[in-house]
Amino acid sequence: MEFVKTSIDFFGFQIMEPVTAITDLMVSAVCLYAFLKIKEVNNRLPSVLLLKYYFLMLAISTAYGGIIGHALQHELSFGWKVPGWLTSMASIALIERAAILHAKPILRSRIGNFFSILNIIELIVLSSIVLITLEFFFVEAHAAYGLLVIVSSFELFIYLKTKNEGSRILLIAVFISALAATVHLTYFTIHVWFNHLDLSHVLMAIAAYLFYLGAIKIKQTSVNLS
């Protein structure tokens, strides 16, 4: 199905892609809920604290994207999308670092330190590329690398070593995130008023809730191999 940008007239004011904006705000709401609820669980673990702020950054990013990037896109220049993109990249860097810190106690120290440094370099380099090129592709590439390579690898390693329930749930969340990305990239559309963006946002909301469930199940790993 051909991608068609929808719009509605709201008392004389045009709102572009209203369903996409609403589903973006739905992701934001789930993330904000997760951010607030994590205050009620043990967030003294560095990995859980980082996940808490991952939810905050993603909540800001998706709310910004829904309103500025979609609903008001006809009122603003393309460059206005970039702050939302950069916030999204920061959220991915946070969840990567959470996975690295979660695994550190059962990693050799030089491996954990290497990925901790790489985490910072990767964010700086790819953010710079996005600012220079203004290409969303690099935002997607950063998310794919962060979730499918870093988060899934470290959480799988933890689960195989410790059977940590939090890691198992986080792996499921990464899988749902991959489905969302696949829908987005393939333009899989159910209806003109519920397109690939809308479906991918629904899947992102489900993934975000699973990330929250995984976060509150995280326990400190043990057996330091350094």
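## Ground rules

A polar contact here is a pair of N or O atoms within 3.5 Å; within protein, one must be able to donate a hydrogen and the other to accept it, and residues adjacent in sequence count only if both atoms are side-chain atoms. This is a predicted model, where local features need pLDDT of at least 70 and side-chain atom pairs count only at pLDDT 80 or more, while totals for chains, interfaces and linings use all residues. Residues are numbered from 1 along each chain as its sequence is written, and side-chain values use heavy atoms, with hydrogens and water left out.

Asp198 itself sits in helix H7, residues 196-215 (helices are DSSP runs of H or I, at least four residues, numbered from the N terminus).

Which side chain of opposite charge is nearest to Asp198? That's Lys5, and it is 12 Å away, with Lys and Arg counted as positive, Asp and Glu as negative, and His and the chain ends not counted. So Asp198 is buried yet has no salt bridge, where buried means under 20% relative accessible area, exposed over 50% and partly exposed in between (1.4 Å probe, protein chains only). A salt bridge needs a side-chain nitrogen of Lys or Arg within 4 Å of a carboxyl oxygen of Asp or Glu. Neighbours within four places in sequence aside, Asp198 is in contact (heavy atoms within 4.5 Å) with Val19, Thr20, Thr23 and Trp193.

## The one salt bridge

Side chains of opposite charge can pair when their charged atoms come close. The structure holds one salt bridge: Arg168 and Glu165 meet at 2.6 Å, N to O. Both lie in helix H6 (residues 165-186), three residues apart, or about one turn of the helix. Arg168 is partly exposed at 33% relative accessible area, and Glu165 is partly exposed at 33% too.

## Along helix H4

Ile117 belongs to helix H4, residues 109-133, and is exposed, with a relative accessible area of 52%. Together with Ile121 and Val125, Ile117 makes a nonpolar surface patch of about 270 Å².

Thr133 is also placed in helix H4 and counts as partly exposed at 34% relative accessibility. Its side chain reaches the backbone oxygen of Ile129 at 2.8 Å. How far apart are Thr133 and Tyr33 in space? They are 34 Å apart, C-alpha to C-alpha, and 100 residues apart in sequence.

Conventions: Helix = DSSP H or I, 4+ residues; strand = E, 2+ residues; numbered from the N terminus. Patch = residues over 30% accessible without salt bridge, like charges linked within 9 Å, V, L, I, M, F, W, Y side chains within 5 Å. Areas by Shrake-Rupley, 256 points an atom, 1.4 Å probe, with all protein chains shown as cover.
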